[in-house]
Amino acid sequence: MNRTDDAWGQSYWAWEVLFAVACVATAFLVFFSDSRPVAKAIADGLIGLMAVGYLVLGRRIVHGEGNGTARVLASAALVLCTAAAILADTTASFVLFFTIPLLFMLLELRPAVVSTTVLILWESASAVLNGGWHNPSLRILLPMTAILVVFSMLVGKFTSDVVRESNARARLIRELEESQAEVERLSREAGTAVERERLAREIHDTLAQGFTSIVALTQAIESEVDTDPDAARKHLALAGRTARENLTEARAMVAALTPSALATGSLADAVRRQAKRLSDETGIVVECEVDDELPPLRTAVEVVLLRATQEALANVRKHANASTVRLRLSAVDGSVRLQVTDNGRGFSPQASTSGFGLRGMRSRAEQVGGKLAVRPGATGGTELELEVPA
């Protein structure tokens with residue numbers, strides 16, 4: 001994150017105005033002081049050196065581009081230049097107005113307090129060195145030195161707290177941005193996983209079952225082509241019809257729209273077609289009962305009921321070894337209930353039901369607020385019941 005993104009960075013221009021004013025004003029005061037020309041030249045030269053050093057390197061270090069060593073070296077150079085300028089001309093002590101805040105920006109609180117205290121005391125020491133103990137300015141300078149030491153500590157503490165708080169906020173904002181980016185990444189991955197699971201269910205409930213039917217019909221044709229040509233032709237026609245329906249389903253999936261069985265008719269018609277297909281392909285007697293007045297349903301709910309019908313009948317075909325199947329689709333107390341019952345080999349509650357088909361049906365039902373139950377039939381066989389809200 002750029003320092004201009006936090007409060008300290010946004011108000012940093014005010015500090016630079018103070019720096020420029022203090023630097024220029026001190027240089028003028030030194031230039032018009034009563035000191036020797038050589039001393040004034042040395043003091044002003046050191047003030048100019050500090051200004052150039054800040055513009056070239058100091059700003060970048062303050063903004064966090066330098067490590068701890070760079071900060072210590074910059075602070076040491078600042079202290080030496082300030083001390084030398086004050087020693088050359090005591091009037092140059094006005095540079096403390098920008099060197100003291102700058103030291104608190106570069107250093108931790110304790111070393112900054114020590115450095116600024118040394119510089120403030122050095123101002124009095126330089127007055128003694130330049131004018132002796134009888135220098136009349138000491139009467140005012142010594143009390144002012146004590147006041148400046150306390151003032152610099154308070155101002156420095158405030159500056160350090162502001163910088164530290166600003167840095168903490170900048171880190172927090174950076175961490176929040178990183179966390180937001182991570183949440184967005186995880187959300188995309190979760191969405192991708194959900195979509196993959198949805199497509200897997202769609203493929204399992206449509207294309208895979210259609211291909212299973214085509215394989216079964218092809219095997220039947222192979223055994224009948226020489227012995228029962230009429231039956232072979234019938235099964236060949238069914239295989240062709242199933243292949244065409246699979247192609248239609250594939251196109252509907254690519255278009256990511258409603259299943260083709262629902263796009264060309266009502267849910268009741270689609271359920272009846274599924275029952276007729278099972279009867280035509282296997283010879284199983286399928287009793288299909290659909291209420292004449294089903295309540296209006298959302299497309300998502302109709303898809304769940306249709307896919308559950310397809311999966312239930314596919315399970316009867318593959319596992320039940322049944323001779324009759326009863327399929328009922330009815331409206332019950334604000335819900336729609338699908339019941340598929342067969343007279344096959346039955347269902348054991350202790351048997352594993354973790355297959356993809358049942359898991360997919362249960363997941364679909366939960367997505368629309370429905371419930372799925374699979375249990376042994378009252379007179380044998382298996383009963384599947386799916387209830388979804390209308």
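**Aromatic pairs and annotated transmembrane spans**

In the predicted model, Phe 32 is exposed, its relative accessible area being 60%. The ring of Phe 32 forms an aromatic pair with that of Phe 31. The geometry of this pair is edge-to-face, with 5.0 Å between the centres and 90° between the planes. Phe 31 also has a charged residue over its ring: Lys 40 lies over the face, at 5.9 Å from the ring centre.

The structure holds five aromatic pairs. Among them, the pair of Phe 94 and Phe 97 has ring centres 6.3 Å apart. The planes of Phe 94 and Phe 97 meet at 15°, and the pair is therefore stacked, since planes under 30 degrees apart count as such. Phe 97 is exposed, with a relative accessible area of 51%, a value over the 50% cut-off. Phe 94 is partly exposed because its relative accessibility is 38%, which falls between the limits of 20% and 50%. Ring pairs also link Phe 19, Tyr 54 and Phe 98 into a cluster.

An unreviewed UniProt entry places the feature "transmembrane region" at residues 12-32 and 38-57. In the model, residues 12-32 are 95% helix and 0% strand, and the C-alpha atoms at the ends of this span are 31 Å apart. Residues 38-57 are 100% helix and 0% strand, with 28 Å between the end C-alpha atoms.

Definitions and conventions
Residues are numbered from 1 along each chain as its sequence is written. This is a predicted model: local features need pLDDT of at least 70, side-chain atom pairs count only at pLDDT 80 or more; totals for chains, interfaces and linings use all residues. Side-chain values use heavy atoms; hydrogens and water are left out. Rings of Phe, Tyr and Trp (its six-membered ring) pair if their centres lie within 6.5 Å; planes under 30 degrees apart count as stacked, over 60 as edge-to-face and the rest as tilted. Buried means under 20% relative accessible area, exposed over 50%, partly exposed in between (1.4 Å probe, protein chains only). A charge sits over a ring if NZ of Lys or CZ of Arg is within 6 Å of the ring centre and within 35 degrees of the ring normal. UniProt positions are given in the numbering used here, feature names are shortened, and annotations may be inferred rather than shown by experiment. Helices (H or I, at least four residues) and strands (E, at least two) are DSSP runs, numbered from the N terminus.
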